[in-house]
Amino acid sequence: MVASSLGSAHDLHKELQNGNVFLADYKILQGVPTNDRINGKPQYLTAPMCLLWKDPQDQLLPIAIQLGQTPGERTPIFLPSDQEWDWTLAKIWVRNAEFQVHQMVYHLLHTHLFAEVFNIATHRQLPRNHPVYKLVVVHLRYTLDINTIARTAFISPGGIFDKNTVLGIKGINALLEKAMQEVTYSGLCLPEDIKARGLESIPNYYYRDDGKMIWEAMESFVSGIVHYYYKSDESVQTDPELQAWVAEIYEKGFLKRESSGIPSSLETVSSLIKYLTMVMFRCSAQHAAVNSGQFDFYSWMPNGSPTMKSPPPSTKGATTLQTVLDSLPDVNTTATGLVTVWQLGNEPLDRRRLGNYREAHFIEETPKKLIQEFQMKLNEISKIINDRNQTRRLSYLYLDPKKIENGVSI
């Protein structure tokens, strides 16, 4: 079926063996309830699968799309060789699924809501003179404020996402519940997540490349701070405030799910370094990666449709341009969606860039020197990213440290 996409010099079996075939699987959306309140019309959602191939030119291309999890006559596999509008509509459906998972799982849950958990636990369990408090508090700025606004205006009953996305409030809650069952500690740690998903060799993957540079710089900085205050594994184990902090995050944030691998306590200096790096990265660089480019990519609505008002096609050859237009959201829904992603991607007026420690929480010379070294490393990373972007047709700016906010503040 995909032979015409691969060309005569390649076959699917060999490309699979060579690690050049990938699957974007949106099975998490299966069974999620849909919204019935958008302009009084039913809305539709599917759980597609999209097969992608890394071609000899190092492009990652879609070569097959199935708009559902169960194959069959009513769930055909769409191909680039199909009629133009069949293939176009199939790709729009994949992007619609991506919009839902991106907004609710990787944006809302994995950054905003987890950052809120870190925030509450930090202020409940750590005194202001605790080294971990001093380290993470700058990454928690405005998180409670923006999440309160989100609960009021965006993800509340009658809010923007309830009125203008296929999920509605019932679907949002159902998707978040399913997503929580899939959260893993390794999935929250960038290097492990990239390796587990087999994405180490994909070319031009700037999120991975820039993110790893920032992760490593952050990890080095955290390591210096931790080793300054914690001289042994025993000093970690016997810090009651630190252990209470980790335990509360495990219980309240990750619901005591042992299968997640989220630690309920920390036993070693190295485990503390990894944990703190994860917390800081989630609240800063990871949020920038999933938030800052929203308007750039979703302002062309078919590239991230918030909802679809016709069911997915069940046959080939019947789709026309009019079919596509009839599937896309109404004008008012589209306009609201564009304004929403514009607002979400806006920078806060009171900016605090990554590595900006305006409040002098650390007063000792060694931590102050480590902060300066961290800032110098971030400047080096920024230069690398900007030099690379000079030669690219499409720039990737979202993980430039000079554009990353210290915390989840928008």
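Let's start with a term that will come up throughout: buried means under 20% relative accessible area, exposed means over 50%, and partly exposed lies in between, using a 1.4 Å probe and protein chains only. This is a predicted model, in which local features need pLDDT of at least 70, side-chain atom pairs count only at pLDDT 80 or more, and totals for chains, interfaces and linings use all residues. Residues are numbered from 1 along each chain as its sequence is written, and side-chain values use heavy atoms, with hydrogens and water left out.

With that in hand, take the salt bridges. A salt bridge here is a side-chain nitrogen of Lys or Arg within 4 Å of a carboxyl oxygen of Asp or Glu, and a search of the whole structure finds 17 of them. In one, the side chains of Arg 197 and Asp 193 meet at 3.2 Å, N to O. Arg 197 is partly exposed, with a relative accessible area of 44%, whereas Asp 193 has 15% and so counts as buried.

Another salt bridge ties Asp 330 to Lys 309, with the closest N and O atoms 3.5 Å apart. This pair links distant parts of the chain, 21 residues apart: Asp 330 is in the loop between helix H14 (321–327) and helix H15 (331–345), and Lys 309 is in the loop between helix H13 (294–298) and H14. These element names come from DSSP runs, numbered from the N terminus: helices are H or I with at least four residues, strands are E with at least two. Asp 330 counts as buried at 17% relative accessibility, and Lys 309 as partly exposed at 21%.

Glu 380 and Lys 377 form a salt bridge too, their closest N and O atoms being 3.6 Å apart. The two are three residues apart in helix H16 (residues 365–389), so about one helical turn separates them. Both partners are partly exposed: Glu 380 at 42% relative accessibility and Lys 377 at 37%. Elsewhere, salt bridges that share partners join Lys 41, Lys 309 and Asp 330 into one network.

Now for the helix packing. Two packed helices are described by the angle between their axes and the distance between the axes. The axes are lines fitted to C-alpha atoms, for helices over the stretch in contact, and angles run from 0 to 180 degrees between N-to-C directions. Helix H3 (residues 84–125) packs against helix H12 (residues 269–291) at an angle of about 150 degrees, with axes 10 Å apart. H3 and H12 are therefore roughly antiparallel; angles over 145 degrees get that label, those under 35 count as roughly parallel, 65 to 115 as roughly perpendicular and the rest as oblique.

H3 also packs against H11, at about 145 degrees and with axes 9 Å apart. The contact residues (heavy atoms within 4.5 Å) include Phe 114, Val 117 and Phe 118 of H3, and Ala 244, Trp 245 and Ile 249 of H11.

Finally, look at two backbone details. Asp 58 has a positive phi of about 65 degrees although it is not a glycine; Asp 58 sits in the loop between strand S2 (49–54) and strand S3 (60–66). Leu 255, also not a glycine, has a positive phi of about 55 degrees, and its place is in the loop between helix H11 (240–253) and H12. Asp 58 is partly exposed at 35% relative accessibility, and Leu 255 is partly exposed at 49%.
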